[in-house]
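Hi,

Here is the structure I said I would pass on. Have a look at it, and then read on for what turned up.

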There are 2 protein chains.
Amino acid sequence: MSSFSPIGPVVGIVGAGQLARMTQPPAIALGIELRVLANAPDESAARVIVDTRVGDYRDLDDLLEFAKGCDVITFDHEHVPTEHIRALTAHGHIVRPGADALVHAQDKAAMRERLTAIGVPCPAWARVSTAEDVSAFAAEHDWPVVLKAVRGGYDGRGVWVCRSADEVAQAFEAGVELLAEAFVPFERELSVLVARSPHGQGVSYPVVETVQQDGICVEVLAPAPGLDQEDAAQAQRIGLRIAHALGVTGLLAVELFETADGLVVNELAMRPHNSGHWTIEGSTTSQFEQHLRAVLDLPLGSPRMTSQAVVMANLLGGDEPDLFKRYEHVLAHDPGIKLHFYGKQVRPGRKIGHVTALGSNLDEVRARARHAAVYLATGEYT
Amino acid sequence: MSSFSPIGPVVGIVGAGQLARMTQPPAIALGIELRVLANAPDESAARVIVDTRVGDYRDLDDLLEFAKGCDVITFDHEHVPTEHIRALTAHGHIVRPGADALVHAQDKAAMRERLTAIGVPCPAWARVSTAEDVSAFAAEHDWPVVLKAVRGGYDGRGVWVCRSADEVAQAFEAGVELLAEAFVPFERELSVLVARSPHGQGVSYPVVETVQQDGICVEVLAPAPGLDQEDAAQAQRIGLRIAHALGVTGLLAVELFETADGLVVNELAMRPHNSGHWTIEGSTTSQFEQHLRAVLDLPLGSPRMTSQAVVMANLLGGDEPDLFKRYEHVLAHDPGIKLHFYGKQVRPGRKIGHVTALGSNLDEVRARARHAAVYLATGEYT
């Protein structure tokens, strides 16, 4: 980005899911033009972004055609093949995050190798090719062993918690490359979101607690309640350290386990992240605005919270496709609740939106967010 | 609106200026689909709303074609002929605000008649057809006399402040129907924004001070500093009373003069208004979200302020078309400043965007907003 007339640069986002959709509001404000590469013209972000191109992110020709005229390319998801990202760069396109950074969010073995090398706390881990490798790993680190698909897992998919050798076979049946990790007896899960721009500026958002059910994040509490100040600072240092060491440009979400012995890194994502949706209203600069600023190498915005307590609850589809009565109830019940829908039809268990509540008392704010999310999903009054 | 799947209703906005553009972010969040009727495909809102139709808002056929499939029709501006709005309604379309309300924002004589009838304080006024009518009005109310075009004026256009009979001819040269108003020796200008939904729910935002230069609003201070509590409550009562008496559905902005003798209504607008842009970050529910909720007859949102002091400064185009270096400076200088660009090329004096600053101290917040707006417009460091 080097001119602003003030119709600004074109940011191309590969993927047109809810993350690209939620990037449109700050792009509108900042005068940045978005383009998305969608699988279909009615996808979540395609419904709200004029310059939508339909194509296959696994096809280099589609990616090269998409990239023409973009000032920078970034991502809604991590599924673009690393070699295609390198090819885009070789063709002169600016891609942020770049392949050398992004590979650590695409390949869990590469991530573990690199984090171990830079001294970031991780669970014990090993690449495994056979059930014998897993038994050998368990002999050293004990059961349960967590087996993970090296590539492509998300929202609990591609993860197998094996309590004994008997449970290992199912993971190998998936036919994908696996990584073994020692089971971490964690107290809760935390997440820290940081942003880094190409010229090296970094910022960290407050550390949040993420509440999971069946491997899916259902609630995010900001800031993480009762978190020791030194632990919070350490989590932020870990986030910024990873971002700098890996050369991340854009956002980095670091999912952490809080254990009796301290913090351990669970996963990385290099894009706006579900654990940061609370920032839309809860921070001076939303994660979506921050990602745009970072990938355009603009000065980063303040990550300061706008309220003392913010709770985001994911909205999962239930059995009822028409949510009108529930929608109306929730808006009437709580004039301060903020609803976010992703333009997706209801399917049971599908993330179709989220709600955010803000205030000064965490328990009260959490009850408000939960009421709205549960009522929208189930029609039950909590 | 009666179903939500959760891909919601279609709201058609006639006009594709910055007000329609700024309605897209809350529409995205609420799952509401927007359609705009634009003059050209590169207009402000057309750049960010997928379902853009190009047509002429003065042409009934274009309006009828546009309205097909919309759940409700609303407006980005007040220039649609009243008879066309009645025709849309006669064809079974839902238009909010309706013609009977909107005419009071289109026709200043109709507005003065109605406000006088319901006992809302106005300046002395009269319809005038000749210079003699104006002299007769001045004989009763003294000079200066403010002559206003009954229809079509905005941002200082269509207003002539005549200090003597010698200055009256220029207004009649415009060849439009005129209204005479007594000049109000005001101390400052205020604005109150209210929303009303078809089922009769009303809310009022805090009263703000609007700072004008050459008939154009340059700054909005929220809440109006030092405003007497009783005056603030009276302004809110005036706003809600007008909204109810006129049957407004959607937003109503009431511009007021604060005088030594109390408040006097200056102008009405029935749509999101420049004096409410501060609500995007400064209120729990932005005026754009509120307008959508009101025209869809959804429960209204909380108008509560998110900070103690909010200042919005309009960004006017200067001589420099490429604002990149200024944009970068402003973002770096103040990580908390919020920029809003309207997707419009720079032209001297043209509103191309606005900036908003939030905080606890009005003077400090105002200095931050002014720094950003002045630097972006002129490159001068204040």
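Leaving aside residues up to four places away in sequence, Gly359(B) is in contact with Ser307(B), Gln308(B), Ala309(B) and Val365(B). This glycine belongs to strand 17 of chain B, which covers residues 351-359. Is Gly359(B) buried or partly exposed? Its relative accessible area is 22%, so Gly359(B) counts as partly exposed, since buried would need a value under 20%. For a sense of distance, Val103(B) is 256 residues away from Gly359(B) along the chain, and the two C-alpha atoms are 38 Å apart. Do keep in mind that all of this comes from a predicted model.

Now for how the two chains go together. Chain B can be laid on chain A by a rotation of 180 degrees with 0.0 Å of shift along the axis, and the RMSD is 0.0 Å. The copies are therefore related as by a two-fold rotation axis. Which surface does each copy use to meet the other? They meet through the same surface, because 100% of the interface residues of chain B are also interface residues in chain A.

Within chain A, the domain assignment lists domain 1 (10-95), domain 2 (124-182) and domain 3 (188-378). Taken over C-alpha atoms, the centres of domain 2 and domain 3 of chain A are separated by 29 Å.

Helix 3 of chain A (residues 82-90) is worth a look too. Its buried residues are Thr82(A), His84(A), Ile85(A), Ala87(A) and Leu88(A). What do they pack against? Their partners are helix 2 (60-67), strand 4 (72-75) and helix 4 (99-106) of chain A. Just past the end of helix 3, Gly92(A) has a positive phi of about 95 degrees.

Next, the rings. Over all chains, the search finds 8 aromatic pairs. One of them joins Phe186(A) and Phe257(A), and it counts as stacked because the ring centres are 4.6 Å apart and the planes are at 10 degrees. Phe186(A) sits in the loop between strand 8 (178-182) and strand 9 (188-196) of chain A, and Phe257(A) in strand 13 (residues 250-259), so the pair ties together parts that are 71 residues apart in sequence. Phe186(A) is partly exposed at 34% relative accessibility, whereas Phe257(A) is buried at 10%. There is also an edge-to-face pair, Tyr375(A) with Tyr381(A), at 6.3 Å centre to centre and 85 degrees between the planes. Here Tyr375(A) is buried, with a relative accessible area of 16%, while Tyr381(A) is exposed at 57%.

Two arginines of chain A also lie over ring faces: Arg35(A) over Phe66(A), at 6.0 Å from the ring centre, and Arg58(A) over Tyr57(A), at 5.6 Å.

Last, the nonpolar cores. The largest has 48 residues, and those touching the most other members are Tyr327(A), Leu339(A), Val355(A) and Ile32(B). Which element gives this core its largest share? That is helix 12 of chain A (residues 362-378), with 8 residues. Leu339(A) has contacts in both chains, among them Tyr327(A), Val355(A) and Leu376(A), plus Ala29(B) and Leu30(B). A second, separate core has 45 residues, including Val48(A), Leu221(B), Val365(B) and Ala377(B).

Cheers

Note on methods. Residues are numbered from 1 along each chain as its sequence is written. Chains are lettered from A and ligands numbered from 1 in the order in which they are written. This is a predicted model: local features need pLDDT of at least 70, side-chain atom pairs count only at pLDDT 80 or more; totals for chains, interfaces and linings use all residues. Side-chain values use heavy atoms; hydrogens and water are left out. Helices (H or I, at least four residues) and strands (E, at least two) are DSSP runs, numbered from the N terminus. Buried means under 20% relative accessible area, exposed over 50%, partly exposed in between (1.4 Å probe, protein chains only). Contact means heavy atoms within 4.5 Å. Copies are superposed by least squares on the C-alpha atoms of residues with pLDDT of at least 70 in both. Domain bounds come from an automatic or database domain assignment. Rings of Phe, Tyr and Trp (its six-membered ring) pair if their centres lie within 6.5 Å; planes under 30 degrees apart count as stacked, over 60 as edge-to-face and the rest as tilted. A charge sits over a ring if NZ of Lys or CZ of Arg is within 6 Å of the ring centre and within 35 degrees of the ring normal. A nonpolar core is a set of buried Ala, Val, Leu, Ile, Met, Phe, Trp, Tyr and Cys residues joined through side-chain atoms within 4.5 Å.
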